[in-house]
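Subject: Two-chain model for you to look at

Hello,

Here is the structure I promised to pass on. Please open it beside this note; my findings follow below.

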Amino acid sequence: MNEAKRTKTISQTEEVWRRLKRNRTAIIGGMIVFLFVFVAILAPWISPYPPNEGDLAKRLKPPSKEHLLGTDALGRDQLSRIIFGARISLQIQVVAVFIALIIGTFLGMVGGYYGGTLDNLIMRLMDILLAFPGIFLAISIIAVLGPGLTNLMLAAGIYSIPQFARIARGSVLSLKEKEFIEAARAVGENDLNILFRYLLPNSMAPLIIQTTLRMATVLLTASGLSFLGLGVQPPTPEWGAMLSTARAYMITAPHVATVPGLAIMLVVMGFNLFGDGLRDSLDPRLRD
Amino acid sequence: MLLPVLLGVSLVSFSLLHMVPGDPAELLAGEEANPEFIQALRKEYGLDQPLYIQYFHFISHVVRGDFGISIRNREPVIKLLKERFLFTLQLSFLSILIACFIGLIAGVISSTKQYSLFDNMSMVGALFGISMPIFWFGLLLMLVFSVHLRWFPAGGKGTILHLILPAIALGAASSAVIARMTRASMLEVVRQDYIRTARANGLREFIVIYKHALKNAMIPVITVFGLEFGYMLGGAVLTETVFSLPGVGRLMVEGIFQRDYPVVQGSMLLVATTFVGVNLLTDIAYAFFDPKIRYE
């Protein structure tokens with residue numbers, strides 16, 4: 001309580017921001033994420049060449065002054081393809097995580113709030129989804145929907161629903177017996193208001209953390225599916241699909257297979273670091 | 001708990017054939033089938049019956065180990081699954097062994113030397129472990145150890161040597177998760193009073209850490225094993241593709257490409273059921289390590 005009194009003059013957002021700024025890993029992660037988003041948005045303006053036009057005379061060239069990351073098997077500029085790949089990755093991540101965040105949070109909150117049969121039904125449904133381990137669930141969804149960019153986003157989204165549902169439910173369960181909810185009920189607020197104006201804002205911290213960390217998982221999963229040929233199809237410059245094509249030239253031109261993988265790893269690392277940093281700042285109790 | 005999930009899993013696999021656009025009998029018959037054959041299949045699989053009867057039919061076959069006939073090579077799916085699945089199990093098992101070995105050792109040493117060079121290095125290593133795409137790491141391992149150093153074969157199956165690189169690629173992320181978990185759990189346990197008592201009683205540090213602390217620190221770590229094993233069953237799809245290994249993951253992906261639905265259904269059912277079984281075992285192990293937890 002003393003702590004609260006002393007920091008009364010700063011808002012919670014300011015406090016989180018202050019802690020975040022002092023967190024070295026969060027800063028590094030945040031910078032990587034910022035760079036990634038920046039590159040993704042500005043892709044058409046900053047890429048030196050068009051991503052899908054190549055010069056067959058210059059195929060599989062190692063990095064040089066004209067082509068900083070070399071060229072691929074069709075003589076296309078690797079750097080330009082990586083830059084445009086950022087765009088596709090970001091699009092997949094945002095759409096998939098958004099689907100999961102909305103549906104998962106809604107299901108979890110409703111289940112946690114009403115309890116009983118509804119809760120049981122929702123959570124068993126989540127258990128069934130979780131019975132398909134890891135990327136296997138996404139593959140199973142693709143088996144039904146078929147390959148392609150839109151279906152990939154859907155599959156990666158559905159695949160992430162249970163995580164959000166569980167977190168939202170847990171949060172609602174711990175909050176719904178608190179006095180402020182009781183007070184809201186006493187003044188006659190309806191369920192919808194209690195759920196979305198009282199419980200949701202107070203469940204934001206774990207959901208924001210999960211959103212950040214899930215961006216990393218979704219990128220790994222989506223690029224994995226594209227690598228298998230089940231996601232984005234060539235010639236679209238998606239990093240996983242690029243790696244898949246580059247496998248054939250791994251011995252003669254190792255840079256073609258190395259670079260897309262590095263890009264995936266860097267971005268995943270950025271989201272992981274930023275997510276961990278956010279967790280430390282939003283919820284200092286979890287720090288060891 | 002277990003039964004509704006298994007029932008749901010079977011329902012999902014069953015629905016596959018009906019959710020894919022197109023007539024199930026035509027899908028099962030393959031692309032160049034004549035109408036008589038399609039009609040015969042429709043009768044044989046009872047596809048002209050109501051859905052709930054079809055589902056019952058499906059389940060009663062599945063429990064007898066009959067997953068239908070592969071559309072591509074007209075072999076019983078169970079036969080294909082058996083070989084492929086044993087292989088994936090072997091691979092996953094080796095990977096989890098590697099992951100536990102690396103993860104536990106790195107985690108324990110990191111926790112005893114918090115903020116030391118080793119601790120920092122292994123936590124940076126863990127960050128790489130969870131951020132690297134399996135398929136890329138696999139390719140790099142192959143490039144370095146098979147192509148350049150020629151220590152291991154570059155793909156295919158046969159000896160244990162064929163499995164080492166795929167198992168390392170598959171186990172990297174889990175090593176990282178287990179290392180982080182072990183470290184965090186150990187750091188919490190060594191602050192407990194009974195550890196201080198053990199030290200005050202003059203026990204050797206080695207005994208304190210490995211006998212008293214580790215045993216209790218393992219409890220939260222055990223829960224990750226089940227999850228990680230499942231992650232491996234899934235991730236095996238990628239490893240098997242990179243190293244051209246004949247596992248169930250690749251069988252399923254090939255099945256999707258070839259529209260071989262019985263194979264896809266069988267793989268889905270088998271992998272999910274195994275994972276549910278592994279989770280049950282984890283729960284039992286959990287109760288065994290932590291006597292405070294008792295399942296009715």
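Start with confidence, since this is a predicted model. In chain A, helix α1 (residues 2–6) has the lowest mean pLDDT of the elements, 52. Helix α4 (residues 78–114) of chain A has the highest, 95. The average for chain A is 89, and 95% of the residues score at least 70. Where pLDDT is low, predicted coordinates should not be read in detail.

The two folds

Chain A contains twelve helices and zero strands. Its pattern along the sequence is α-α-α-α-α-α-α-α-α-α-α-α. The C-alpha trace of chain A spans about 75 × 45 × 30 Å along its principal axes. Of its 288 residues, 47% count as buried. Take the contacts in chain A with a separation of 6 or more: 69% of them are between residues 24 or more positions apart.

Chain B also comes to twelve helices and zero strands. Read in order, chain B gives α-α-α-α-α-α-α-α-α-α-α-α. Its C-alpha atoms fill a box of roughly 85 × 55 × 30 Å along the principal axes. Chain B has 296 residues, and buried ones make up 45% of them. For contacts in chain B with a separation of 6 or more, residues 24 or more positions apart account for 71%.

Where the chains meet

The core

The largest nonpolar core holds 170 residues. Which of its residues touch the most other members? They are Ala131(A), Ala138(A), Ile139(A), Ile142(A), Ala156(A), Leu219(A) and Ala272(B). The largest share of this core comes from α10(B), at 17 residues. Ala272(B) is worth a click. Leaving aside neighbours within four places in sequence, Ala272(B) is in contact with Ala131(A), Phe132(A) and Val9(B).

A helix pair in chain B

Now look at α11(B) and α12(B). Their axes come within 8 Å and cross at roughly 145 degrees. The crossing of α11(B) and α12(B) is left-handed. From α11(B), the contact uses Val248(B), Leu251(B), Met252(B), Gly255(B) and Ile256(B). From α12(B), it uses Val263(B), Val264(B), Ser267(B), Leu270(B) and Val271(B). The residues of this contact divide into eight nonpolar, two polar and no charged.

Loops and backbone details

Arg259(B) sits in the loop between α11 and α12 of chain B. Its phi is positive, near 55 degrees, in a residue other than glycine. Is Arg259(B) buried or partly exposed? Arg259(B) is partly exposed, because 18 other C-beta atoms lie within 10 Å.

Ser244(B) is in the loop between α10 and α11 of chain B. Ser244(B) is not a glycine, yet it has a positive phi of about 50 degrees. Ser244(B) has 12 C-beta neighbours inside 10 Å, so it counts as exposed.

Gly65(B) belongs to the loop between α4 (51–62) and α5 (77–112) of chain B. Gly65(B) has 11 C-beta neighbours inside 10 Å and therefore counts as exposed. Gly65(B) and Val77(B) are twelve residues apart along the chain. Their C-alpha atoms are separated by 9.4 Å.

Chain A has a cis peptide bond to check. It joins Pro234(A) and Pro235(A), with omega about 10 degrees. Pro235(A) lies in the loop between α10 (204–228) and α11 (239–246) of chain A.

Best wishes

Methods. Residues numbered from 1 in each chain as written. Chains lettered and ligands numbered in written order. Predicted model: local features only at pLDDT ≥ 70, side-chain atom pairs only at ≥ 80, totals over all residues. Helix = DSSP H or I, 4+ residues; strand = E, 2+ residues; numbered from the N terminus. Buried ≥ 20, exposed ≤ 12 C-beta atoms within 10 Å, placed from the backbone. Contact = placed C-beta atoms within 7 Å. pLDDT = per-residue confidence, 0-100. Axes fitted to C-alpha atoms, helices over the stretch in contact; angles between N-to-C directions. Left-handed = near helix turned anticlockwise from the far one by under 90°. Nonpolar A, V, L, I, M, F, W, Y, C, P; charged D, E, K, R; others polar. Core = buried A, V, L, I, M, F, W, Y, C linked by C-beta atoms within 7 Å.
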